[in-house]
Amino acid sequence: MNDTLITELRAAYDSQLRGVTPPGGSTRIETDGPLTRVVGWHRGFVTGPRDLGVRGDELDALIARQRDFYAARGEAVEWKTRGHDLPGDLVERLTAAGFVPEDSETVLIGQSADLAADPVLPDGVTLRRVTAASDLRRIAAMESTVWGEDWGWLADDLTGRIESAPEDIVVLVAEAGGEVVCAAWLVFKEGVDFGGLWGGSTLEEWRGQGIYRAMVAHRARLAAARGVRYLYVDASADSAPILTRLGLHAVTTTTPYVWSP
């Protein structure tokens, strides 16, 4: 692996992807010192630069302020950490403030042009772009099945994104016999060289047939056509090996730390 390339990709990630793409709808984005936070989403969301620039008691106070802000709203909040964040004791201080880690994911980055290809789908499976609320609800239902929990919020989230910036999100479904078997979306952000690969969940009985790979190839082709150089994804343990084989590079890890009222 080319260490220089990884360093360059990580630096581009840190300089361009530490903010938040507005989810649309009734959500709003605020700042508190070095942090950016989302209000009015399905749960609160906090992110910051690689180095928060505060230490010790000042960092504890910053963390407590976010927790207490969302506590007053009666909402859970996710603080998005990365494996190379500074200061090095950030996650220990989050834990001490009552935040609990969820599953870690690998941040992978690849060049759109290298990943772009015609999607190859199994017989009987079709791929199409969707914007209708009915289709977005079908996606949320499929995600709920895959993850074993209520993902109803996703339909509202995708609707808000499409309504607020239709040119910056492409939502795709793979269907078989009228059923949504996989869904994924591509998110662009003004002024950055990256497109985000999100979703990509597939019903269990349809896994291992190349549908996820086809979704990546198609989204890469769309990104390349738009002149967006890189694609990035927060990949689960299941997805990371597939994406690495396709040519994406692991640059860091990301772990959500969640506080719940």
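Visitor: Which residues of α5 meet α6?
Guide: Leu136, Arg137, Ile139, Ala140 and Glu143 of α5 meet Leu154, Ala155, Leu158, Thr159 and Ile162 of α6. Contact here means heavy atoms within 4.5 Å. Helices are DSSP runs of H or I with at least four residues, strands are runs of E with at least two, and both are numbered from the N terminus.

Visitor: What is the make-up by class?
Guide: The contact of α5 with α6 has 7 nonpolar, 1 polar and 2 charged residues. Ala, Val, Leu, Ile, Met, Phe, Trp, Tyr, Cys and Pro count as nonpolar, Asp, Glu, Lys and Arg as charged, and the others, Gly among them, as polar.

Visitor: What sort of model is this?
Guide: The model is predicted; local features need pLDDT of at least 70 and side-chain atom pairs pLDDT 80 or more, while totals for chains, interfaces and linings use all residues. Numbering runs from 1 along each chain as its sequence is written, and side-chain values use heavy atoms, without hydrogens or water.

Visitor: Back to the helices. At what angle do the axes cross?
Guide: Roughly 140°, with the axes of α5 (residues 133–147) and α6 (residues 153–164) coming within 8 Å. Axes are lines fitted to C-alpha atoms, for helices over the stretch in contact, and angles run from 0 to 180 degrees between N-to-C directions. The two helices are therefore oblique to each other: under 35 degrees would be roughly parallel, over 145 roughly antiparallel and 65 to 115 roughly perpendicular, with the rest oblique.

Visitor: Different topic. Where is Thr255?
Guide: Thr255 is in strand β12 (residues 249–259). Thr255 counts as buried because its relative accessibility is 11%; the limit is under 20% relative accessible area, with a 1.4 Å probe and protein chains only.

Visitor: What does its side chain make a polar contact with?
Guide: The side chain of Ser104, at 2.5 Å. A polar contact is a pair of N or O atoms within 3.5 Å; within protein, one must be able to donate a hydrogen and the other to accept it, and residues adjacent in sequence count only if both atoms are side-chain atoms.

Visitor: And Thr254, buried or exposed?
Guide: Thr254, also in β12, counts as buried at 2% relative accessibility. Its side chain has a polar contact of 3.2 Å with the side chain of Lys80, and a polar atom of that Thr254 side chain lies 2.9 Å from the backbone oxygen of Thr81.

Visitor: Last one. Which peptide bond is cis?
Guide: The bond from Leu86 to Pro87, with omega near 0°. Pro87 lies in the loop between β4 (77–82) and α3 (90–96).

Note on methods. Buried < 20%, exposed > 50% of the residue type's maximum accessible area, 1.4 Å probe, protein only.
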